[in-house]
Amino acid sequence: MLVQNLTAQTFNNATVSSSVQATFAYMFAVSKYLQPGTFDLVGTIVYEIDQYPYHPYQNTFYNGTIEVVEAGGFVSVESVFLVTLGIALLVLLGLWLHGQFQRITKKTKKVAPKVEVGTRTADASMDEWLQGTAYTQSASKSKKKK
């Protein structure tokens, strides 16, 4: 898969005699949008031979693996995301462990004995202070209905 074309560079009038080797400097930079990683560097050289000026030759070569690293400082978006994700997972694990600990150590609630909070009598004579109020009138009506 072609990731980036590093643009052709021409070496006009560069002449290399037969059975001689030559080195040509070629400077390039990768795109700023290229993700860091390792890539294979493959190049193609196109050349002509003086006897056949209108018939170009082409050789493709593999120049090994190159590593593209992110330029800049220590902090990157990916490292901030990974640290935040790690902290969040640790907090969730801590909350889960806390809940499990609480569940294990929770003692069963003891049912408290029923305590009477007030007194109630069925004897109307105990309610003499209510004589002549709406309470006694409604109580007498309910007794008549029974």
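Q: Is Tyr 57 buried, partly exposed or exposed?
A: Buried means under 20% relative accessible area, exposed means over 50%, and partly exposed is in between (1.4 Å probe, protein chains only). Here Tyr 57 has a relative accessible area of 27%, so it is partly exposed. Tyr 47 is partly exposed too, at 31% relative accessibility.

Q: What am I looking at, and how are residues counted?
A: It's a predicted model, where local features need pLDDT of at least 70, side-chain atom pairs count only at pLDDT 80 or more, and totals for chains, interfaces and linings use all residues. Residues are numbered from 1 along each chain as its sequence is written, and side-chain values use heavy atoms, with hydrogens and water left out.

Q: How many aromatic pairs does a search of the whole structure find?
A: A pair of aromatic rings is described by the distance of the centres and the angle of the planes. Rings of Phe, Tyr and Trp (its six-membered ring) pair if their centres lie within 6.5 Å; planes under 30 degrees apart are stacked, over 60 edge-to-face, and the rest tilted. The search turns up one pair. The centres of the Tyr 47 and Tyr 57 rings are 5.8 Å apart with planes at 20°, so this pair is stacked.

Q: Which strands hold Tyr 47 and Tyr 57?
A: Strands are DSSP runs (E, at least two residues), numbered from the N terminus. Tyr 47 sits in β1 and Tyr 57 in β2, so the pair ties together parts ten residues apart in sequence.

Conventions:
Helices (H or I, at least four residues) and strands (E, at least two) are DSSP runs, numbered from the N terminus.
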